[in-house]
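Subject: Structure handover

Hi,

Here is the structure I promised you. Please open it next to this email and follow along.

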Amino acid sequence: MKIIQQFRRVLTALVLVLVLTTTAACSGIVQAKQPTQLTPGISHSADYDLLSRGNSVQGKDFGNWVVATAKGIVQDAYVRDNNKLGVVIAPQVRPTEVRPLAKSLLQGFHQNFPNQDLKVLMYAPDKKLILTGQYDVQSQKIEYK
């Protein structure tokens, strides 16, 4: 029974990797632009709504897309400065699945925000940082901490 559950979790992680990479690669991707500035007259609730998933419109859209596409594997996501993605994983994600998920998210993040160094911060359900993945655009390599 444990083998089936473990197989299901690994399969779910692999499907997420596939979905994130193919969706980002095959969709009509709008390239990220300079973050938009908030108008001084915007209410505080509108400010918070924009900041909840991203501090730019493109960041907010990508954060929403990550949560919607992950189908329960990701509880929450946010983008800051179009180069930092924070992700809160669901309790059912196993520790062995965190790094492949981070890699998949970095690949999708790079598709939407190219030509810059990127960072993905993976948080446990209790919001404690468990893994940081950094993509270096010059070497095109990912480093995990």
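Start at Met122: its bridge partner in β4 is Leu131. On the other side of the pairing list, Met122 stands opposite Val87. Keep in mind throughout that this is a predicted model.

**The strands**

How do β2 and β3 pair? They run parallel, over five bridges. Between them in the unit comes a helix: β2, α4 and β3 make a β-α-β unit, and it is right-handed.

β3 also pairs with β4. Here the sense is antiparallel, and six bridges join the two. Val120 is part of this pairing and stands opposite Gly133 in β4. The hairpin of β3 and β4 has five residues between the strands. One of them to look at is Lys127, with a positive phi near 70°.

β4 goes on to pair with β5, residues 141-144. That pairing is antiparallel too, with four bridges. Find Tyr135 and you will see Ile142 of β5 opposite. Four residues separate the strands in the hairpin of β4 and β5. In this hairpin Gln140 takes a positive phi near 55°.

Is β3 mostly covered or mostly open? Covered: five of its six residues are buried.

**The core**

The largest nonpolar core has 24 residues. Which of them touch the most other members? They are Phe62, Leu85, Val87, Ile89, Leu105, Phe109 and Met122. At least two core residues come from each of α3 (57-70), β1 (74-80), β2 (84-89), α4 (95-112), β3 (118-123) and β4 (129-136). α4 gives the most, with six residues. As background, nonpolar side chains in soluble globular proteins tend to be buried together.

Now click on Ile89. Leaving out residues up to four places away in sequence, Ile89 touches Ile73, Val74, Gln75, Val98, Leu101, Met122, Tyr123, Ala124, Pro125 and Ile130.

**The aromatic rings**

How many aromatic pairs are there? The count comes to four. One of them joins Phe62 and Phe113. Their ring centres are 5.9 Å apart, with 85° between the planes. That makes the pair edge-to-face, because the angle is over 60 degrees. The pair links distant parts of the chain. Phe62 sits in helix α3, and Phe113 lies in the loop between α4 and β3, 51 residues apart. Are these two buried or exposed? Both Phe62 and Phe113 are buried. They also belong to one aromatic cluster, together with Trp65 and Phe109.

The chain averages a pLDDT of 79, and 70% of the residues score at least 70. Which elements mark the two ends of the range? Take care with residues 29-51, where the pLDDT is below 50. This stretch does have 27 contacts in the model beyond near neighbours in sequence. Still, where pLDDT is low, the predicted coordinates should not be read in detail.

Best wishes

Conventions. Residues numbered from 1 in each chain as written. Predicted model: local features only at pLDDT ≥ 70, side-chain atom pairs only at ≥ 80, totals over all residues. Heavy atoms only, no water. Core = buried A, V, L, I, M, F, W, Y, C linked by side-chain atoms within 4.5 Å. Buried < 20%, exposed > 50% of the residue type's maximum accessible area, 1.4 Å probe, protein only. Contact = heavy atoms within 4.5 Å. Pairing = 2+ DSSP bridges. Right-handed = clockwise from strand over helix to strand, strands pointing away. Phe/Tyr/Trp six-rings, centres within 6.5 Å; stacked < 30°, edge-to-face > 60°. pLDDT = per-residue confidence, 0-100.
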